[in-house]
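This report looks at charged side chains and at one helix in a protein chain. Please keep the sequence and the model at hand while reading.

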Amino acid sequence: MFARLALCSRLPSRTWKSNVCPLFIRPFSQTKFPLPRPHGKSFAHRSELKQAKRIVVKLGSAVVTRGDECGLALGRLASIVEQVAMLQNQGREMMIVTSGAVAFGKQRLRHEILLSQSVRQALHSGQNQLKEMAVPVLEARACAAAGQSGLMALYEAMFTQYSTCTAQILVTNLDFHDEQKRRNLNSTLHELLRMNIVPIINTNDAVVPPPVPNSDLQGVNVISIKDNDSLAARLAVEMKADLLIALSDVEGLYDSPPGTDDAKLIDIFYPGDQQSITYGTKSRVGIGGMEAKVKAALWALQGGTSVVIANGTHPKVTGHVITDIVEGKKVGTFFSEVKPAGPTVEQQTEMARQGGRVLASLHPDERGEIICRLADLLTEKKDEILSANKRDMEMATISGRLSLPLLNRLSLSTSKLNSLAIGLRQIAVSSRDSVGQVLRRTRVANNLELEQITVPIGVLLVIFESRPDCLPQVSALAIASGNALLLKGGKEAANTNRILHQLTQEALSVHGVKDAIQLVSTREEVEDLCRLDKLIDLIIPRGSSELVRDIQRAAKGIPVLGHSEGVCHVYIDNEASIDKAIDIVKDSKCDYPAACNAMETLLIHRDLLRTPIFDQIIDMLRTEEVKIHAGPRFASYLTFSPSEVKSLRTEYGDLECCIEVVDSMQDAVDHIHKYGSSHTDVIVTENEETAEQFLQQLDSACVFWNASSRFADGYRFGLGAEVGISTARIHARGPVGLEGLLTTKWVLRGEGHTVADFSEQGSMKYLHENIPVPRRILS
């Protein structure tokens, strides 16, 4: 029978090994985790779940069984086994509380009954045609007896693929009430864990009596074992487990029955919150429901075990749901005894959205007043800002985690604050032509007019690292465009970000929209923020190329505005001015090497090699202590060359650059298209025709002639500030200022018009006449 199951399973196609696997005694000195923490206190935050050493995984009936409730979901079970085995092999101690024996036995008994009936009917009728046969209702205990051996054999075969041994333990409620049996069970489980074996525990449904309605919770030391939820909770507390993962067929705990319009998944559930929720129906199989799971979870939490309830049936997440939980990702509902003083990030986002709608309804002059007030506060409170920034700088220097370029980004000065204030006042002026601007007006038909007007995007999430000056810039742009804003700064700038956000909210309070801009100060992982696709409309990362790439990968259904790399080129043509070339290369590379618009690759026309212009450029770079990497062609011209570049797509972000040789302007364009990042690229030449061809042919967000790449900046472009530089092909490109944070909506004004009026039998005709647009603001 098992051979048939193995053939129809969806496990990876491997050769089945022997069920006898080598026995290893776990060497405690080699474990990858710290010594067991004192039990009795659960983890306060999801991020701490990475420290969990002893973990109980409870698999509900809906997770283990197929949709027809007759047989096991083999593919789903295989992915769960793989995750448990991986965590076990990391050095953790894994235990499984499983359902499924009844379903497995039901499948087996139905098959035997149908086979038996068909044989009897064939003998009785003497004919080959069989009548339709009814399968009798099967008693659950009989199904459990028939299914337990097969279920365990399946687990053994699956775990053997990962060189992991298993052991079966069947328990009843009496085993926990009898002190001797309880001690024996505890001893057996500890010995199995010590020998690196995964215990697989189930209630002995073949002999257990039907559940009797009684009090589920009778104090810390007693819980009635009447389903696998209560069994898993009792076992987790008995074994002093760090974490209990309860997998079911729902995403977690909702504030109202799942499927209703207003139902919201609860990210963190606190013991005092149970009165604020209502429960839906129980699982499609099994004897427990969500209420039973919550009671069991709270009991385990009270006993010192952290709990997460999550969905183990969703095909997109089943393959990594357990490992995601252990890694601290926001999956399911996390039970915690520690309730933070402030709102959750979801609550912050909702507050920002509501505040943003009010902000967008303000008159442009009122939004401008808020921005001007913020600009004033940057100079009035400069001593407080610089004091907070000094603390951040001192902590970053002591930790040694930040490179010199990142330390420079973190640092603020009086001149930086003054420049910020000037830029904010420019934004305040431009805000008058933002929200509500009429872009197009069309007379569709008589007394039917259409307008296209600018509106805010909605809720923006800006994630930035090591540059607190980003906070007031982005805040001002969000205010001017009427957008709600959620800010997530790096912890290295926590003190500076806190004071800057307080000043931003003080400015917003001028017109009662303080909540429109929120600073996320909880231990929220960036990847979890990127999953809030129902709350956030646009993500804007400000930081390293690694940060941007991580966010682009993590964003689920949320557009990301930005660039992953700033591989900027400066091409020195054979008709370039020596003075211009030296000045532009020096400024592009040395003014601010960590900036995304700094030069990373210098392209030299072949004719300039061994000429005074080439020698002077090299001398200047050496004087500025720029480390040079030779491109393949450049290296071929040299007897003793600098270190050859590992990749022509490198963003150094420091006093380093690559030098490569090209044959012509067209060769330079081809090189940039192949190795560049479509950010900012420069040509230095006195030949206007060559320059224009370069400007027209090159497909980058910013293309300059005889000017430093460092000009690619919203402030220098006169935008006041920028939320970032985009290399995308749609929406906004280059430095993204106020206009890049707006979208449009269509407004149609009629007098009872219907589409039927314009049919062949109708009385009206389309005109589609453009109407001149006067400069005005809708408010």
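## Basis

This is a predicted model, in which local features need pLDDT of at least 70 and side-chain atom pairs count only at pLDDT 80 or more, while totals for chains, interfaces and linings use all residues. Residues are numbered from 1 along each chain as its sequence is written, and side-chain values use heavy atoms, with hydrogens and water left out.

## Salt bridges

A salt bridge is a side-chain nitrogen of Lys or Arg within 4 Å of a carboxyl oxygen of Asp or Glu. By this rule there are 36 salt bridges.

One of them joins Asp267 and Arg46, with the closest N and O atoms 3.0 Å apart. Asp267 lies in the loop between β5 and β6 and Arg46 in the loop between α1 and β1, so the pair ties together parts that are 221 residues apart in sequence. Helices (H or I, at least four residues) and strands (E, at least two) are DSSP runs, numbered from the N terminus. Both Asp267 and Arg46 are buried. Buried means under 20% relative accessible area, exposed over 50%, and partly exposed in between (1.4 Å probe, protein chains only).

Arg553 counts as exposed because its relative accessibility is 55%, whereas Asp550, at 35%, counts as partly exposed.
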